[in-house]
Amino acid sequence: MNSKERVLTVLKGGVPDRVPFAPNIGQWFSYHKHSGTLPPELEGCEDELDAMLRMETDIFSRRLGPFFAQSIPGVEMHRYYVPMDGGPRAEVKPPASTPFGHEEPHPPNVWVVTEVVTPLGTLRNRARFTSASFTTFEEEHFVKDFERDYPALRYIVENTSYAFDPEKYRQVEERLGDQGVAFVPMAQSPIKLLHIWGGQVDGTLFLVDYEKECRDLFEIHTANVVDMAQQAAQCDALAFSLGDNLDSLFYSPPLFRTYEIEFHQEIADILHGADKLLFSHACGRLWSLRELIAEAGLDGMEGIPHPPLGDLPLDEAKNIHDGFIVNGGMTAHEQEITDDPERGIRAYVRDLFDGMRPFDRFFFSSGCNTSIRTPWENLLIFEEACHEFGSS
Ligand SMILES: [Zn+2]
């Protein structure tokens, strides 16, 4: 089996010749690329796909897009760097789309200010890029005063549309060749829409204080994502992932039941009607959501963090429903082992894999991502252990 056949076998519910080794190395790669600390084996790799091709992993990644182009007529975006110690702001290239994925690194000691200008008001956020973790942290969210900012937010959601770009998808598939499958990222669920614009805490409070306005917004947003799913149903790709960060801390079971179930079912029905698969990104605790995840029609979760980072062991995740596909297995607490990693990682992988037999519906992947503190040697140990213990 080549890597592409292996990935497709798992996606179609079969038992592959061995467990696919499909880590998400994006953040790890970007950090080391920009710090000049890539291992010699990855010298010259321009992006994470280059690195995965060089490593000969079994590629199943949601980070090869975006394949849906977003347009919001009537809305302008601007971005500025504002020195933290004062001084004039400098305008820089704005992000290509909102919500903002695939962030570029920013310089240290500046506030990254993004403005979204609509005829009904301007929304502005303020973030800080931390090179030590290679992540952007939001200090101030776009929507701060719901009553003041709602018209602009609603204008943005009402005027947003997405168009699948078949040429971009074809180019990525061509680069992948026999080494894997591109996982197509989609927009996010309603609750995540509020998290993006208002943050997780205020976003949750908006739902309580302004339920009617939030429901109106969700209805418009759902229509956008339904349109996206209809395009997805007609394209060549097989697997799609919602851009959520599913975690019961911010998607409590009652909130999920009230605002998320019908949305997921509607999107899943459209994709299932065309024999496509719907995933979502897991980013925390899932134990109390597992029955709702099944009811929502999700075919799998990507990047599941297992305990103690999450609370759902991977063998239990496999029981969410008969066809449920599990993607996860490597989280920071194994990635960063420095005390005899050969022994620790191999023992971990052997035990994990024992519980995952017969190896249908399982991708050995990263729980969320690969920590930037993961030694290169550990990635190689994971890969070798997957090859050794993952044979069917
Ligand atoms: Zn995550």
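A helix axis here is a line fitted to C-alpha atoms over the stretch in contact, and angles run from 0 to 180 degrees between N-to-C directions. Keep that in mind as we walk through this predicted model, starting with the sheet and ending with a pair of helices.

The sheet is open and has five strands, arranged in the order 4-3-5-6-7 with antiparallel pairing. At its edges lie strand 4 (90-92) and strand 7 (135-140), each of which pairs on one side only. From one strand to the next, the twist averages 35°.

Strand 4 is joined in the antiparallel sense to strand 3 (residues 76-83), and three bridges link the two. Within this pairing, you can find Tyr 81 opposite Ala 90 in strand 4.

Now turn to what packs on the sheet. Helix 4 (residues 146-158) does so, touching strand 5 (110-118) and strand 6 (121-130). The direction of helix 4 makes about 85° with that of strand 6.

Helix 4 also has a helical partner. Its axis and that of helix 8 (residues 211-234) come within 9 Å and cross at roughly 15°. Angles under 35 degrees count as roughly parallel, so helix 4 and helix 8 are roughly parallel to each other. The crossing of helix 4 past helix 8 is left-handed.

Which residues meet where helix 4 and helix 8 come together? Helix 4 contributes Tyr 150, Arg 154, Val 157 and Glu 158, while helix 8 brings Glu 213, Leu 217, Ile 220 and His 221.

Terms used. Residues numbered from 1 in each chain as written. Predicted model: local features only at pLDDT ≥ 70, side-chain atom pairs only at ≥ 80, totals over all residues. Pairing = 2+ DSSP bridges. Helix = DSSP H or I, 4+ residues; strand = E, 2+ residues; numbered from the N terminus. Contact = placed C-beta atoms within 7 Å. Parallel < 35°, antiparallel > 145°, perpendicular 65-115°, else oblique. Left-handed = near helix turned anticlockwise from the far one by under 90°.
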